[in-house]
Amino acid sequence: MNAPASQEALPRLEVRNLSVAFGTAEGRVQSVAEVSFSMAPGQTLALVGESGSGKSVTSLSLMGLHARSARAEVAGEAWFVRRDGRRIDLLAQPESELRRLRGNEIAMVFQEPMTSLNPVLTVGEQIAESVRLHRGLDRRAALARAREMLELVEIPAAAQRLGEYPHQLSGGMRQRVMIALAMACEPSLLIADEPTTALDVTIQAQILALMGRLQKETGMTLLFVTHNLGVVAQYADQVAVMYAGRIVEAAPVHGLFAEPRHPYTQGLLACLPGMARHQGGDAAGPGRKRLRAIPGQVSSPLAPPPGCAFGPRCAQRLAACEQAMPELRSLPGQRQSRCLLSHEEVSA
Amino acid sequence: MNPTWKILRRLFARRVVLAATLLLLAVVVVAVLVPWLSSADPSAMDISARLHKPSGEHWAGTDELGRDVALRIVHGARYSLLIGGVTSVGAVLLGTLLGLLAGYFRRLDAPLMRLVDAMMSFPDILLGIALVAILGPSLWNVVLALVIVYTPRVARVVRAATLVLRELLFVDAARALGVRTPWILWRHILPNLASPILVQLTFIFAYAILCEAGLSFLGVGVPPEIPTWGTMIAGSLDYADRALWVILYPGLAIVLTALSLQILGDGVRDLLDPKLRKAA
C-alpha cells in the first residue's frame, strides 16, 4: 500500500463510513452517518447541504477539532496520504500526531473572518506563528514568510499590513489573511468551511478566484464545504450532497447539475433563481417567476424517520421509502445516489 | 500621533482621572524618595511635644508620643503602597491562573469555582481577620491573607471572560493550526484578558489598602510599631477627641489614595471597554 509507484493513483483523502454522534441532554444525536468519499490529489470536492446536514461536522471530524464541550463519538476511517507518502488514518491518530498535521499538511479556512483572527495579535504575528510552529523558523524568517504569504494572497502594501491588527482590515482582507494563514505551510489538503458565506458577493468572487489560483499553483486538494450551489457549479470537480447527516448523491459537477438523480438534489436545483427561469416558472403568472421551495422541514435528528430521511418531504415517495433507509448505490457516470427511484432505473 | 500619547489623552479626557493619577504619582514619588529626602526617624519620640497642633514645625501635628504625624504618613505610604501593590499583583497572578484554568478546562470549572464561591461567601474583613489569626500578625502575613481574600474576585472575572473567549473562532483557528493548548492559553487567551485584569489590579490595590487599614485598626493587622496608615489610626484613636489631627490626616491619606485608585480604575475600564469607546 505504501509503494511509491501507486502513490499517484491513491486518493489524497479517502473517507470510509464516517459517522459522528453527539451525546446531548435530550439524547444521542447521529449527526453524520455512513459518509464515504475520496478525493484525488489536486481535486476540489464540494460538500453541499443545508444548515445542520452534517457537512461542517464532517470537516471538523477530519481535523479532530470538535468543540471541547461536545461529547463526540466518531467512527469510520479517513485515509490521508502524507507528504512523505505514508498513508494514515486521521481518525485513529493520537492528538499529538494530529497537531503536527494541522496547519501543516491539512489546513482549514473558517466561515467567519471577523472572529477567526485574534484581535490582540498583529496579522504578521499570527501568520508567523504557524510557520514557527511547523517549520521551526525563527521570528525574523517567519515574519519574512508571513510577508511573502500576504503578497501571495494579493494584499496590497503587505509589509505595512504585517504590523496591523485585524480590526484595521476589511472582511475580505481578513479572509485573505486567513487563507494566507492556512497556506503558510503549504498544506496538501485545505478544508474550507463556507469561506465566502460572510462576505458580500464581489468579495466572494475575488476570494474564490484567489483560492482557485492558489490551488492551481500548489496542487493542493480542496474540500469545499458550502451551501452555495452557484459557487459549487463554478469551482468544484466533484460534488457530494448531504441531507440529514448522510450523502444522498455524489457525482462529477457537470453530471450533477445536468441531471440530478436524487429528489433532494432536484429540489435544491429547482430552488435556484436561474433554474426557475429555465423551467418557465409554472407557479406564477407571466413576468415574475415564483421561486420554488422544498415543502416541509428537516426531520429532528432526535427522532429520525425509519426510512429515507428525505421521505417525508419527497413528492416521488414510494411505499418502500418508509421501510428502510435506501443505500448509497453506484450509478453509471461515476455517480452515486441514495434513492430507490434511481436504483430502479438502473436495474430496469 | 504617537499611539501611547493618544491613549493617555483619551484616558485623561476626564479631568478627575488626571487629578487622581497625579495625586497617586505624587504619593508614589514621595513614598519612594522619602529616605533620601529626610533622615528623620518616623518613630522618634519627643514626650515634651505630645499632641501638638499642626504648625510650621509639625505640618500635621504630633501624636500621643510626640512623633511627627506628617513624617509618619509619608513613611506609612511606603508600607501601605507596598501592601496594596504586592497584594494586587499577587491576587491578580493567582486569580488569573485559577480563572483561566476554570474557564478553559470544563472539568476544573466546578471544583475550582465552588472553592472560590466558598471564599467569596465570607465578608472580606472577616476572612482577613480569620486568616491573620491563623497565620499570626506580621506584615507579610497580612499581605498573604489579603492575597487569599482577593484572589477569588479576580478568578471570577477572569473565568467569565475566558468562557467567552474560548468559544471564539480564533481559538478554534489556532487549534486548526496545530497550536498546543498551553500556548493557546498564553498567547491567544491571556492577551485578550488584559483589560479586565488591569481594572481588577487597580481596584484590588485600593481595596487592599482599605482592608489593611481596617485589619490594623482592629488590631489584627500589621504590628503597631510599623507605621502604616491603619496602625497610625488604631494607635492614636484614644486621643482623637483632644487632637483630631492624629487620625484625620492618616484617614485622609487612606481615603484620597483609595479614591484615586478607584477613579483611575474606572478610567481604565472606560478606556478599554469598546462599548463606551465610541461615545468618548
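**Helix pair in chain B**

I started with helix 6 (residues 139-166) of chain B and helix 9 (residues 194-217) of chain B: their axes come within 10 Å and cross at roughly 150 degrees. Axes here are lines fitted to C-alpha atoms, for helices over the stretch in contact, with angles from 0 to 180 degrees between N-to-C directions. Helices (H or I, at least four residues) and strands (E, at least two) are DSSP runs, numbered from the N terminus. This is a predicted model, where local features need pLDDT of at least 70, side-chain atom pairs count only at pLDDT 80 or more, and totals for chains, interfaces and linings use all residues. Residues are numbered from 1 along each chain as its sequence is written, and chains are lettered from A and ligands numbered from 1 in the order in which they are written.

I noted that helix 6 and helix 9 of chain B are therefore roughly antiparallel (over 145 degrees). Among the residues making the contact (C-beta atoms, placed from the backbone, within 7 Å) I found Leu146(B) and Val149(B) of helix 6 and Ile204(B) and Tyr207(B) of helix 9.

**Sheet in chain A**

Next I looked up the open sheet in chain A: eight strands, order 6-7-8-3-9-10-12-11, mixed pairing. Strands pair if DSSP finds at least two bridges between them. Strand 6 (106-109) and strand 11 (329-331) of chain A are at the edges with a single partner strand each, so one side of each lacks a neighbour in the sheet. Strand 6 of chain A runs parallel to strand 7 (residues 189-193) of chain A, joined by four bridges. I saw Val109(A) opposite Ala192(A) there.

Note on methods. Parallel < 35°, antiparallel > 145°, perpendicular 65-115°, else oblique. Contact = placed C-beta atoms within 7 Å.
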